[in-house]
Amino acid sequence: MTTDTLTDTPTADFGTALPAAEAGGLYAQVQQFYAHQMQLFDAHDADGWAATFTQDAHFDVPTLAEPVRGRAGLAANVRRNKAQQEGDGRRLRHWIGMLDIRSRRGEELRTRCYALVYATERGGPSTVLRVCVMEDVLVRVDGAWLTRHRIVTRDDLA
């Protein structure tokens, strides 16, 4: 697990702010992309969620010992999460907010946002389990946004 920012897009070169004329529509597209992606993840739709990443995607999150690469690995991770949640009786939900979008090159975007993970015990209240920062490189493939590279850092491990 790494705790650095994206290696191919360092924080110092976060990208260019979007022109105001482009920002609104693009912002809405990316928010919709994340809403759809996180709902697939929380519903344990392994193949659907993996399909929101490029074939060669890189996914680095501190709850895993090693970064996951490729759609097959991503789908397997969702299946593992489902089994774990069913075993411990918790339901996890992910909320994405404070989204910042920057243009990089052509059909590539750099995003940075906060990700809150809520846990709900069966019959119990919901609590914030983790507060994270999620940094992505998104690319447009055949008109759709896909995640090529994701790094998640956790505030409690910083």
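A residue is called buried when its relative accessible area is under 20%, exposed when over 50%, and partly exposed in between, with a 1.4 Å probe and protein chains only. The structure described here is a predicted model, in which local features need pLDDT of at least 70, side-chain atom pairs count only at pLDDT 80 or more, and totals for chains, interfaces and linings use all residues. Residues are numbered from 1 along each chain as its sequence is written, and side-chain values use heavy atoms, with hydrogens and water left out.

**Cysteines**
- Cys132 is buried, at a relative accessible area of 4%.
- Cys113 is also buried, with a relative accessibility of 1%.
- A disulfide is taken as a pair of cysteine sulfur atoms within 2.5 Å, and by this rule the count is zero.
- Cys113 is in no disulfide, as its nearest cysteine sulfur, that of Cys132, lies 9.9 Å away.

**Ala43**
- Ala43 lies in the loop between α1 (20–42) and α2 (46–50); helices are DSSP runs of H or I with at least four residues, numbered from the N terminus.
- With a relative accessible area of 53%, Ala43 is exposed.
- The C-alpha atoms of Ala43 and Leu92 are separated by 9.4 Å, and the two residues are 49 residues apart along the chain.

**Confidence**
- The predictor's confidence in each residue, pLDDT, runs from 0 to 100; the chain averages 89, and 88% of the residues score at least 70.
- Over residues 7–12 the pLDDT is below 50, and this stretch has 13 contacts (heavy atoms within 4.5 Å) beyond near neighbours in sequence.
- Where pLDDT is low, the predicted coordinates should not be read in detail.

Conventions:
Helix = DSSP H or I, 4+ residues; strand = E, 2+ residues; numbered from the N terminus.
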